[in-house]
Amino acid sequence: MVKIKCNLGKVRKDKKLKQTDLALMTGISQKAISELESGKSKGISFSTASKLCEALNVTLDELFEIEKDIENLEIEVLEKLSCSFCGKKEHEVDVLIISKNKKVLICSSCVERCNQLISTKKGGK
Ligand SMILES: [Zn+2]
């Protein structure tokens, strides 16, 4: 899960503007600005976003931030804990080794198979 965080309040304060100033500059209602700042707003239109960027002289990157929900990410990974090579689940194997980025997993029997393949290849030389 990824959340988009609006930094409007922070950016606006950095520019020493009031919500009412920004409303006048952009033509966006002060209520809409306040909702964006408090996170109550569910979304923003492209035209509103570009008006805000223009008025505040910032890029979209500065106005919005993508926040990764790390807690949920962990759970997602844990639920899918199975070998990326043979597909066996954690409880079906002896050892499951997880890569640093938590995207690839390998079980002990796959490691064994790899070792066998390697030694067969070596032996064949
Ligand atoms: Zn495996």
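These notebook entries record what I looked up in the structure.

**Entry 1: the model.** I worked with a predicted model, in which local features need pLDDT of at least 70, side-chain atom pairs count only at pLDDT 80 or more, and totals for chains, interfaces and linings use all residues. Residues are numbered from 1 along each chain as its sequence is written.

**Entry 2: the fold.** I found seven helices and four strands in the chain. I took helices (H or I, at least four residues) and strands (E, at least two) as DSSP runs, numbered from the N terminus. Along the sequence the pattern reads β-α-α-α-α-α-β-α-β-β-α.

**Entry 3: burial and core.** I noted that 10% of the 125 residues in the chain are buried. A residue is buried if 20 or more other C-beta atoms, placed from the backbone, lie within 10 Å of its own. The largest nonpolar core has eight residues: Leu8, Val11, Leu22, Ile28, Ile33, Leu36, Leu52 and Leu63. Such a core is a set of buried Ala, Val, Leu, Ile, Met, Phe, Trp, Tyr and Cys residues joined through C-beta atoms within 7 Å. Helix H1 (8–14) and helix H3 (30–38) are the elements giving two or more residues to this core.

**Entry 4: contacts of Leu8.** Leaving out residues up to four places away in sequence, I list Ile33, Leu36, Glu37, Leu52 and Leu63 as touching Leu8. Contact requires C-beta atoms, placed from the backbone, within 7 Å.

**Entry 5: H2 against H4.** I looked up helix H2 (residues 19–26) and helix H4 (residues 46–56), which pack at an angle of about 110 degrees with axes 10 Å apart. Axes are lines fitted to C-alpha atoms, for helices over the stretch in contact, and angles run from 0 to 180 degrees between N-to-C directions. H2 is therefore roughly perpendicular to H4 (65 to 115 degrees). Leu22, Met25 and Thr26 of H2 make the contact with Lys51, Leu52 and Ala55 of H4. I classed these contact residues as four nonpolar, one polar and one charged. Nonpolar covers Ala, Val, Leu, Ile, Met, Phe, Trp, Tyr, Cys and Pro; charged covers Asp, Glu, Lys and Arg; polar covers the others, Gly among them.

**Entry 6: H2 against H3.** The axes of H2 and H3 come within 9 Å and cross at roughly 120 degrees. From H2, Gln19, Thr20, Leu22 and Ala23 meet Gln30, Ile33 and Ser34 in H3.

Note on methods. Parallel < 35°, antiparallel > 145°, perpendicular 65-115°, else oblique. Contact = placed C-beta atoms within 7 Å. Buried ≥ 20, exposed ≤ 12 C-beta atoms within 10 Å, placed from the backbone.
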